[in-house]
Amino acid sequence: MRFLSFSRFKEEYKDIEDENIKQELFYLSLFDISFQDLEKSDIMRRIWKDVEKKVKERIPHFFKKGIFKKMSVEDFIQKNVYNDRLCKFIIAFELEKQGIKCGFSKSDDLVINKNRNIIIEIKRVVTGTQLNNYIKEIEKKYENSEKKIMVLLLFPQFGEENYERVSRLTEIYYIIERYLKNKFKNVKVLCQYITEIRIEEYSMSRLIERTVNIIKSLEEKV
Amino acid sequence: MNLNKKVLLYVIRRLKERGTFFGKLQVMKLMFLIDHLNIEGKKEKISKESFLGNEYIIYHFGPFSFKVSEEYDMIKDEELKNEVVLDEKIREKVDLIIDKFGKFDGWILQEKCMEMLGISLKEKGRFMGLKIKEIVKN
């Protein structure tokens, strides 16, 4: 097995009902381990090591053992967690629960509704340098595109940071929407800080609620 | 000292001497090129085989090796003070890569590596999480 399919993921995920457990899994899906290459400080690198350890230790608990018969835990994480596959699947599953039909494009982007005219660009952000690169990429990727784009900037709690303070800082990135609006006709940006332990304001359910509202407003736009 | 670490020390030292050391992202991509880029005259080709034996996976910022990452993080400043001697065959390849790509920072190298792998920005998502040997045909 190369990658986890969406249907197989649904089989695994549908039985998780506890919102706290969902939150933890979603939080763990927000890290691309290669981001640590951007860190210059030893403290940040140490936090990355802790994240790596946590992902390896916790992820197997969320899936049935059968899944690891064909693939080692390490391989599973490398192929489905550090890329944005797991994160994307969780969001798609939760959106479908809210009545929003989801699918995936040939290039694995999350697309919404029958016409496939709304694309959700999910970006997991830990540092400002990353964000800069992401925005440049989005500009290039959708140059001359007529699609409606929703950019989801997800900021996972990192280390022992003060979530109340940092979450307020992350909301500043709404300015990105203003910037992207000069480039694309229909674009919406949503910034959401995600804590490791569920806190309503910074939870996955809050993110889904906000995402649904934005999708509806994009659907109405011509 | 294992070969990987020796090469890492050599690369960092040479980049610092040239005044073009930009950090881990850059070194990771140079190590990838040392491992997988075959240069013959003007022809450049990414090969399936790894020169130093490191395994790379495609993530958002291009090819990434867990082994190289771990070894890079363990390098101490004092280790960079001593000269590193590499076997001639290895030194030749490393020097060639540094001469050709050592001037670029990690961001540019990341784009170059993806280009060499034939992965466009639009297709990137499809390749994330795959190993080089799963992408390169030869």
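Residues are numbered from 1 along each chain as its sequence is written, while chains are lettered from A and ligands numbered from 1 in the order in which they are written. Since the model is predicted, local features need pLDDT of at least 70, side-chain atom pairs count only at pLDDT 80 or more, and totals for chains, interfaces and linings use all residues.

**View 1. Confidence in the model and in chain B.** The model scores are ipTM 0.81 and pTM 0.89. For chain B the average pLDDT is 93, and 99% of the residues score at least 70; pLDDT is the predictor's confidence in each residue, from 0 to 100. Among the elements of chain B, α2(B) has the highest mean pLDDT (97), and helix α6 (residues 124-127) of chain B the lowest (89). Elements here are DSSP runs, numbered from the N terminus: helices are H or I runs of at least four residues, and strands are E runs of at least two. As a reading tip, where pLDDT is low, the predicted coordinates should not be read in detail.

**View 2. The two domains of chain A.** Domain 1 covers 6-80 and domain 2 covers 101-220 of chain A, with bounds that come from an automatic or database domain assignment. Taken over C-alpha atoms, the centres of the two domains are 20 Å apart. Where they meet, 14 residues of domain 1 of chain A are in contact with 16 residues of domain 2 of chain A; a contact means that the C-beta atoms of two residues, placed from the backbone, lie within 7 Å. On the domain 1 side, helix α2 (residues 19-28) of chain A gives the most, with seven residues. That side of domain 1 of chain A holds eight nonpolar, two polar and four charged residues. In this grouping, Ala, Val, Leu, Ile, Met, Phe, Trp, Tyr, Cys and Pro count as nonpolar, Asp, Glu, Lys and Arg as charged, and the others, Gly among them, as polar.

**View 3. Chain A meets chain B.** Here 23 residues of chain A are in contact with 20 residues of chain B. On the chain A side, the elements that give two or more residues are α4 (73-80) and α6 (128-141) of chain A. Helix α6(A) provides the largest share, four residues. What is this side of chain A made of, in nonpolar, polar and charged residues? It divides into four nonpolar, seven polar and 12 charged residues.

**View 4. The open sheet of chain A.** Five strands line up as β1-β2-β3-β4-β5 (chain A) in an open sheet with mixed pairing; two strands pair if DSSP finds at least two bridges between them. At the edges stand β1 (102-104) and β5 (187-194) of chain A, each with a single partner strand, so one side of each is left without a neighbour in the sheet. From one strand to the next, the twist averages 30°. Strand β4 (residues 148-156) of chain A runs parallel to β5(A), and eight bridges join them. I149(A) has V187(A) as its bridge partner in β5(A), and M150(A) has K188(A). Is β5(A) mostly covered or mostly open? Strand β5(A) is mostly covered, with seven of its eight residues buried. A residue is buried if 20 or more other C-beta atoms lie within 10 Å of its own, exposed if 12 or fewer, and partly exposed in between, with C-beta atoms placed from the backbone.

**View 5. Two loop residues of chain A with positive phi.** D108(A) is not a glycine, yet its phi is positive at about 75°. D108(A) sits in the loop between β1 and β2 (110-112) of chain A, and is partly exposed, with 18 other C-beta atoms within 10 Å. N144(A), also not a glycine, has a positive phi of about 65°. The loop between α6 and β4 of chain A holds N144(A), which counts as exposed because it has 5 C-beta neighbours inside 10 Å.

View 6. Strands β1 (residues 37-40) and β2 (residues 43-46) of chain B run antiparallel and are joined by four bridges. The bridge partner of I39(B) in β2(B) is E44(B). Two residues lie between the strands of this hairpin, where G41(B) takes a positive phi near 60°. H36(B) belongs to helix α2 (residues 24-36) of chain B, and counts as buried because it has 24 C-beta neighbours inside 10 Å. Leaving aside residues up to four places away in sequence, H36(B) touches I46(B), S47(B), S50(B) and I132(B). H36(B) and K112(B) are 76 residues apart along the chain, and 13 Å separate their C-alpha atoms.

Notes: Axes fitted to C-alpha atoms, helices over the stretch in contact; angles between N-to-C directions.
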